[in-house]
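Hi,

Here is the structure I promised to pass on to you. Have a look at it first, and then read on for what turned up.

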Amino acid sequence: MSPPPPRLELRQVTKRLRSGERELVVVDRVDLAVAAGEFLAVLGPSGSGKSTLLGLAAGLDRPSEGRVLLDGREIQDLSERELAVMRRGRLGFVFQSFQLLANLTALENVLLPIELAGRARPLEAARGMLAAVGLAERGHHYPAQLSGGEQQRVALARAFAAEPELLLADEPTGNLDGATGALVLELLVRLRAERGATLVLVTHDPEVAARADRRIHLRDGRIESQS
Amino acid sequence: MNARAFARQLARESRGARGRLAFFALCLGAGVAGVVAVAGFSAALREGLASEARRLLAGDLRVEGLRPLPEPAARVLAAESGARVASVRELATVVAAPPTSAGAGRSRLVELRAVEGDFPFYGRLTLDPERPLAELLAGDGAVAAPELLSGLGLAVGDSISVGGRPFRLRGVVHAEPDRLGSAFALGPRLYLSGASLDATGLDRLGSRVEHRTLVGLPGDASAARAQELAARVKAALPDPDFHRVETAAQGQPELRRGVDRTERFLGLAALLSLLVGGVGVAQTVRAWLASRLEAIAVWKTLGARPGEIAALYLTQVALLAAAGATAGALAGLALQRALPPLLAGLLPDLPLPAFQPAALARGLALGLGVALLFATPPLAAALRVPAARVLRRDAEPLPLPRAATAALGLALAAGVAAVAALQAGSLAYGTAFAAGLAATAALLAGAARGLIALARRLPRLGLPVPLRWGVAALGRPGAGTLAHVVALGLGALVLVGMATVERNLVRRLDAELPADAPTAFLIDIQPSQWETVRAEIEAAGATRTDSVPVVMARFASIDGRSVRELAASASREEGRRRWALTREQRLTWLERLADDNRVVAGALWSDPERFEVSVEEEFARDLGIRVGSTLVLDVQGVPVELAVTSLRSVRWETFGINFFLVAEPGALDRAPQMRIAAVRLPPGGEQRLRDALAASHPNVTLFAIRDVLEKVVAVLERVGLGIRFVGGFTVVAGAAILAGAVAAGAARRAREVAIGKAIGMTRAQVAALFAAEYGLAGGAGGLIGAVAGTVLAAAVLERGFEIDWRFEPALLAAAAAATALLAILAGLAASLRPLAERPIEALRHE
């Protein structure tokens with residue numbers, strides 16, 4: 001019996017973007033494997049391709065060349081629909097700017113991925129998740145009625161709600177002040193540990209990165225070093 | 001900021017929104033084009049009507065009476081510079097064919113007309129041969145209608161005896177501009193010269209001769225000049241009771257009403273399309289400013305004063321509006337040129353509208369006004385965005401202070417009232433329109449608030465995901481549901497109002513189309529001849545035959561007051577009343593009324609004790625007759641008392657045989673009578689029947705009215721086509737603008753699509769939730785708007801067009817469903833790109 005495939009694997013992934021006349025190589029022939037349960041931090045200066053790499057890993061974007069594998073399955077050629085269905089219950093996201101749905105209350109935001117994944121007793125699960133991030137009492141509020149830290153905690157609850165195997169976080173503390181950011185990070189690390197999820201976290205904060213199992217440094221779209 | 005920096009900013013601000021801004025200009029342009037085109041078209045229609053009315057009067061002014069024109073009045077006319085005068089005398093007399101070897105020639109009652117001067121001034125006398133009338137009538141010449149020739153068995157060149165003197169038939173008159181075929185003609189027409197009439201001695205003192213003086217004013221004379229001359233002639237008449245003075249503009253109320261209706265309809269269409277353009281403008285500006293909120297916040301953090309920002313955006317709006325209105329005005333001018341040829345035949349010789357700088361200016365002003373009016377509320381709201389928006393994207397604009405909201409609402413209402421008043425030419429109408437619109441908008445806003453409250457309270461967690469999101473989207477703070485529902489509702493109001501008015505107007509026109517109308521009238525049928533005449537009518541292939549007995553009578557008294565007394569008490573202005581009182585009346589009797597008659601007061605044949613009569617309502621009003629009145633009629637020397645037990649309305653336009661007075665069967669049985677008949681014959685049947693009757697019943701005269709009928713049918717069909725065209729155009733343009741307005745708002749939703757996809761929703765699911773949201777807002781707005789549109793249409797139809805309207809619940813439901821569907825389709829169409837886009841695209845823009 002062969003060993004289980006890595007949770008996430010990138011093989012020779014390149015992403016080029018056109019910028020006027022020029023062609024910009026944002027991600028350049030990256031090879032990367034993340035094992036199940038691993039916590040990987042992606043570091044690098046602005047414009048080094050961190051967020052693009054994350055988008056490629058999640059199937060939110062398509063590579064110009066190379067292959068992206070989730071649990072050994074190639075996803076770069078899947079249709080939008082197949083990608084969407086693939087994400088359900090397996091992938092969770094946390095964004096720098098929260099990206100909560102303004103139309104929906106906090107509870108409804110958390111509920112959405114659970115229902116899409118077709119989990120049993122979704123309402124209880126959603127309430128439980130909100131309680132886990134300390135916002136049990138704020139479920140009926142709309143995002144606009146919440147502070148930045150609270151919004152990001154709702155986003156965390158939403159990301160973990162469907163018990164995803166892989167969590168992708170794009171500078172989740174970038175828009176928050178130091179104390180609030182630390183709180184949110186603490187929550188993220190704890191929830192991940194409790195649920196044994198794989199976490200790929202993009203940051204440029206070395207202190208945040210220090211909590212990870214492994215770190216890669218990006219520069220000009222290439223992995224410069226690992227630690 | 002100096003002027004140059006301002007101009008640079010102006011250009012920069014439009015970047016990235018040029019498509020949207022072009023749409024803004026387009027919305028406005030469509031409305032302005034309608035206003036300008038309608039103004040020109042109305043003017044052309046009015047001009048066409050004036051010339052048609054002159055044609056039907058055969059002059060600009062007519063003085064008629066049973067006495068010759070008195071000298072002082074004649075002097076007024078003679079002194080009028082450039083005026084031409086013709087005099088016409090008419091009387092009924094019996095003419096005869098010369099005796100033949102078989103005995104005396106046939107004789108016939110004719111309407112004899114003697115003409116001096118250049119008759120007619122307008123319109124054309126159709127003569128065969130095509131020579132001037134005066135030339136044909138010179139010496140002992142006479143010109144006769146074809147009915148007379150066939151009735152007497154004569155041909156051009158034969159001799160005819162009038163008043164015992166022989167005249168020579170020199171031609172045939174086929175059509176006269178001032179005579180429409182009628183069941184009530186006394187007989188066929190015969191023309192003589194004035195000198196010939198004098199020679200016959202028929203115009204002796206005491207004989208009943210109708211004297212008409214026709215006046216033709218110089219070609220460029222206005223209706224006002226004719227009016228003014230009429231007043232002077234009236235003043236110069238020593239005893240005005242003996243003469244009626246009529247101008248072309250006063251005559252032809254039927255035609256006038258038709259044109260009024262068309263004009264009003266077109267005006268309404270223009271106003272509504274301007275309004276729907278305004279809604280499009282408001283929604284476009286809203287969507288455009290929503291995408292500029294960050295920019296406005298940044299402006300504020302950089303130290304721009306609110307006044308400067310307002311000036312920047314207002315100038316932008318004004319420039320765009322000017323461009324849109326100008327383009328619209330030019331399109332309107334082009335449309336003006338295109339419409340009359342399209343509607344040629346509506347009125348003969350419909351003139352091309354002249355270039356009207358006033359209409360152009362009005363279109364431009366209305367366009368600018370509407371744009372600024374509708375752009376101000378979203379602009380005022382956008383300017384309240386807190387500078388903190390640079391830090392927190394979802395910092396929504398602060399609500400306006402109550403006073404400011406109220407002031408904006410008032411300004412908007414006043415502006416709409418001004419626009420409507422300017423367009424309708426009536427302040428009362430404008431105010432009523434604006435009030436109705438404000439009430440509708442308030443109702444819509446209230447309903448939207450209710451919908452929002454409901455969406456918040458509804459336990460939506462049990463709903464399927466797309467529907468839940470749709471409901472949630474309606475209820476969230478700052479969702480713009482209010483503006484959305486109001487815009488959709490106003491749009492639905494316009495569409496339903498327009499469609500309802502158009503449908504009812506077209507239905508009425510179709511009903512007025514005399515599809516089954518008679519093509520010929522037969523008069524002077526003796527009761528004993530009716531059976532054999534009817535057999536000949538059927539042999540000629542008649543598809544419809546109506547015949548009634550006719551009794552001639554005069555009023556003797558009304559409610560105990562003698563007619564002489566009543567006529568004497570009628571004031572100078574009541575010439576029409578005096579005329580109705582003293583002239584000879586025609587009566588018939590009927591068991592049941594025809595379909596084109598409707599009892600509006602009292603009940604038909606409801607008094608078993610007395611002989612009854614049913615009176616046409618307007619005739620009754622003129623003479624002061626009510627249900628319960630008693631009429632005494634002098635039936636050729638015998639007084640007959642009749643009780644008025646009902647009043648009727650009559651649709652005269654059906655061309656059927658109708659009477660002001662209809663008696664109960666039995667009341668007039670023994671009175672001297674004859675029959676008239678209205679028959680519908682196949683083409684060519686009129687001539688065949690006329691020839692057959694000439695041989696078997698020479699006393700019966702047949703008037704063919706096929707030509708008139710076909711002309712009327714053609715005109716009505718054209719009017720119907722025009723109304724369908726304009727109505728359809730307004731509805732389609734309105735729907736397009738509305739769809740654009742929805743789309744303008746929907747383009748902001750790219751981010752939601754991206755998030756939905758990121759957490760695992762398929763495209764179809766995202767589309768479904770959008771559909772739910774837009775469908776709910778569209779359905780609610782559509783239903784309220786449709787109800788308001790129906791109310792508007794009912795008011796317009798009943799007040800403006802005097803047409804009974806029919807309530808159509810199916811139309812309401814269809815309108816609500818269609819609005820919902822339109823909102824869904826437009827919303828989805830606008831979301832197509834984000835739906836197809838990779839989620840990262842939208843998320844990257846954050």
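In chain A, 4 strands make up an open sheet with antiparallel pairing, and their order is S2-S1-S4-S5. At the edges of this sheet sit strand S2 (22-34) and strand S5 (73-74) of chain A, each of which pairs on one side only. Strand S1 (residues 8-19) of chain A runs antiparallel to S2(A), and 9 bridges join the two. Ser19(A), for instance, has Arg22(A) of S2(A) standing opposite. Please keep in mind that this is a predicted model.

On to the place where the chains meet. The contact involves 28 residues of chain A and 26 residues of chain B. On the chain A side, helix H2 (80-87) and helix H3 (106-116) are the elements that give two or more residues to the part touching chain B. The chain A residues on that side comprise 16 nonpolar, 8 charged and 4 polar ones.

One residue in chain B may also be worth a look on your screen. Asp178(B) lies in the loop that links strand S7 (165-175) and strand S8 (189-193) of chain B. Is Asp178(B) buried or partly exposed? It counts as partly exposed, because 19 other C-beta atoms lie within 10 Å, and a residue is called buried at 20 or more. Leaving aside residues up to four places away in sequence, Asp178(B) touches Leu56(B), Leu57(B), Ala58(B) and Pro120(B). Of these contacts, take Ala58(B): Asp178(B) is 120 residues from Ala58(B) in sequence, yet their C-alpha atoms are 6.0 Å apart in space.

Best wishes

Definitions and conventions. Residues are numbered from 1 along each chain as its sequence is written. Chains are lettered from A and ligands numbered from 1 in the order in which they are written. This is a predicted model: local features need pLDDT of at least 70, side-chain atom pairs count only at pLDDT 80 or more; totals for chains, interfaces and linings use all residues. A residue is buried if 20 or more other C-beta atoms lie within 10 Å of its own, exposed if 12 or fewer, and partly exposed in between; C-beta atoms are placed from the backbone. Two residues are in contact if their C-beta atoms, placed from the backbone, lie within 7 Å. Ala, Val, Leu, Ile, Met, Phe, Trp, Tyr, Cys and Pro count as nonpolar, Asp, Glu, Lys and Arg as charged, and the others, Gly among them, as polar. Two strands pair if DSSP finds at least two bridges between them.
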